[in-house]
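This report describes salt bridges and a helix packing in the structure shown below.

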Amino acid sequence: VLWNAMIAVYGQGGHGREALLLFQQMELENVTPDKITFISILDACASLAALEEGRLIHVRIIKRGLQSDTVVSNAIVNMYSKCGSLEDARKLFVNMPVRNLVTWTAMIAAY
C-alpha cells in the first residue's frame with residue numbers, strides 16, 4: 001500500500017519521473033504491482049508523454065492478466081491518447097469487451 005501511495009502522490013503532484021523511478025525500485029525489490037499501482041504509473045506516463053515507458057508497463061499489465069479490468073484498460077487508453085498514440089488507444093478501445101463513460105471520454109478527448 002505504501003508503494004502505491006507514494007507512486008500516486010508523485011504522479012499526481014507533477015513528479016512523474018520520480019514516480020517511474022519509484023516503480024522501478026519497487027520491481028527491483030520484488031514487490032508485485034497491483035491494478036492500483038498500474039493505474040497510478042500509467043497516469044504518470046501520460047503526464048510525461050512517456051510513450052515507451054507506458055508501452056512497457058502495458059506489457060506488464062498483459063502479463064499479469066489485468067488488461068481485462070475496465071478501469072485498468074481505461075488508464076491504458078488515456079495514457080496512449082495523452083502520449084499521442086491514437087492508433088494504440090483506438091486498437092485497445094475497439095477490443096475492450098466493456099466500455100464505460102470514462103472509456104468513451106478518454107477516446108473522445110484523444111481527438
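Asp69 is partly exposed, with a relative accessible area of 21%; buried stands for under 20%, exposed for over 50%, and partly exposed for values in between, computed with a 1.4 Å probe on protein chains only. The model is a predicted one, in which local features need pLDDT of at least 70 and side-chain atom pairs count only at pLDDT 80 or more, while totals for chains, interfaces and linings use all residues. Residues are numbered from 1 along each chain as its sequence is written, and side-chain values rest on heavy atoms, with hydrogens and water left out.

**Salt bridges**

Asp69 forms a salt bridge with Lys35, a term that requires a side-chain nitrogen of Lys or Arg within 4 Å of a carboxyl oxygen of Asp or Glu. Asp69 lies in the loop between α4 and α5 and Lys35 in helix α3 (residues 35-48), so the pair ties together parts that are 34 residues apart in sequence. Lys35 is likewise partly exposed, at 31% relative accessible area. Helices here are DSSP runs (H or I, at least four residues), numbered from the N terminus.

In total, the structure holds 6 salt bridges.

| Pair | Closest N and O atoms |
|---|---|
| Asp69 and Lys35 | 2.9 Å |
| Glu27 and Arg60 | 3.0 Å |
| Arg17 and Glu53 | 3.4 Å |

Arg17 forms a salt bridge with Glu53, and this pair links distant parts of the chain: Arg17 belongs to helix α2 (residues 16-28) and Glu53 to helix α4 (residues 51-64), 36 residues apart. Arg17 has a relative accessible area of 41% and is partly exposed; Glu53 is partly exposed at 29%.

Glu27 forms a salt bridge with Arg60, and again helix α2 is linked with helix α4, the two residues being 33 residues apart. Glu27 is partly exposed at 25%, and Arg60 is partly exposed at 30%. Elsewhere, Glu52, Arg55 and Asp88 are linked in a network of salt bridges.

**Packing of α5 and α7**

Helix α5 (residues 70-82) packs with helix α7 (residues 101-110) at an angle of about 5 degrees, the axes being 9 Å apart. That makes α5 roughly parallel to α7, a class for angles under 35 degrees. The contact (heavy atoms within 4.5 Å) is made by Thr70, Asn74, Val77, Asn78 and Ser81 of α5 together with Val102, Thr103, Ala106, Met107 and Ala110 of α7. These residues divide into 5 nonpolar, 5 polar and no charged.

How values were computed:
Axes are lines fitted to C-alpha atoms, for helices over the stretch in contact, and angles run from 0 to 180 degrees between N-to-C directions. Angles under 35 degrees count as roughly parallel, over 145 as roughly antiparallel, 65 to 115 as roughly perpendicular and the rest as oblique. Ala, Val, Leu, Ile, Met, Phe, Trp, Tyr, Cys and Pro count as nonpolar, Asp, Glu, Lys and Arg as charged, and the others, Gly among them, as polar.
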